[in-house]
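Please read the points below with the structure open beside you.

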Amino acid sequence: MVRAAHSDYDEPGQHYITCYHCGAQVVAPVIARSFGCPKCHRGIALDDITVKDSGWSGLLNTCGRIFIRPRARTITRNVHAGDGIEVLGVLEANVRSGGPVVVGSRGKLKGQVQATSVWIDPGGTLECPMLRIGPRRT
Ligand SMILES: [Zn+2]
């Protein structure tokens, strides 16, 4: 399971998030489920997203985590998760994660990956032309 990473600077009731549109560090209330970026004025989703089966047509952008369940086969252009991504099904996308990326034993992830860490269970597949592992870019 991917655990949410929390910043040392978080204060009770609010936390720092990174806007996935413009990259700004902004403070959001912990209880908020979505938030308007004060810098670029675009909406930011904060909830975790779980894709349970194929045919997902929405955007996969959130400051929380993204879970691709075993029966889901998801092909999209870009995926951004602030806190991590768990792939138990199939995900074909360019992935940016502010937390760990986990590929389960039957999971498959294909695309470019940026993440703080990557874990691939034995049996899982990671196919990517470009891999960057390291601290979040500011
Ligand atoms: Zn922004």
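1. Basis. This is a predicted model, in which local features need pLDDT of at least 70 and side-chain atom pairs count only at pLDDT 80 or more, while totals for chains, interfaces and linings use all residues. Residues are numbered from 1 along each chain as its sequence is written.

2. Domains. The domain assignment gives domain 1 (14-44) and domain 2 (47-133); such bounds come from an automatic or database assignment. The C-alpha centres of domain 1 and domain 2 are 21 Å apart. Contact between them involves 5 residues of domain 1 and 6 residues of domain 2, where contact means that C-beta atoms, placed from the backbone, lie within 7 Å. On the side of domain 1 that touches domain 2 there are 3 nonpolar residues, 1 polar and 1 charged. Here Ala, Val, Leu, Ile, Met, Phe, Trp, Tyr, Cys and Pro count as nonpolar, Asp, Glu, Lys and Arg as charged, and the others, Gly among them, as polar.

3. The open sheet. Five strands are arranged in the order β5-β7-β9-β11-β14, with parallel pairing. Strands are DSSP runs of E of at least two residues, numbered from the N terminus, and two strands pair if DSSP finds at least two bridges between them. At the edges are β5 (49-51) and β14 (117-120), each pairing on one side only. Neighbouring strands of this sheet are turned by 5° against each other on average, direction ignored; the axes are lines fitted to C-alpha atoms, and angles run from 0 to 180 degrees between N-to-C directions. Between β5 and β7 (residues 65-68) there are 3 bridges in the parallel sense, and T50 has F67 of β7 as its bridge partner.

4. Pairings of β10. Strand β10 runs parallel to β8, joined by 7 bridges, and T74 stands opposite L91 of β10. With β12 it pairs in the parallel sense over 3 bridges. A further 2 bridges join β10 to β13, also in parallel, with R96 opposite Q114 of β13.

5. Nonpolar cores. A nonpolar core is a set of buried Ala, Val, Leu, Ile, Met, Phe, Trp, Tyr and Cys residues joined through C-beta atoms within 7 Å; buried means that 20 or more other C-beta atoms lie within 10 Å of the residue's own, exposed 12 or fewer, and partly exposed in between. Which members of the largest core touch the most other members? They are I66, I68, V79, I85, V87, V95 and V101, out of 21 residues. Two or more residues each come from β7, β8 (73-81), β9 (84-87), β10 (90-97), β11 (100-103) and β13 (113-115). Apart from this core lies another of 6 residues, including I17 and C63. Leaving out residues up to four places away in sequence, I68 touches V51, T74, E86, V87, L88, G89 and L91.

6. K108. This residue is in strand β12 (residues 108-110) and is the bridge partner of V90. Beyond its neighbours within four places in sequence, K108 is in contact with V90 and T125. K108 and T125 are 17 residues apart in sequence, yet their C-alpha atoms are 4.6 Å apart. K108 is partly exposed because 18 other C-beta atoms lie within 10 Å.

7. H41. The loop between β3 (34-36) and β4 (43-45) holds H41. Although not a glycine, H41 has a positive phi of about 65°. Most residues other than glycine have a negative phi. Is H41 buried or exposed? H41 counts as exposed, because it has 9 C-beta neighbours inside 10 Å.

How values were computed. Helix = DSSP H or I, 4+ residues; strand = E, 2+ residues; numbered from the N terminus. Contact = placed C-beta atoms within 7 Å.
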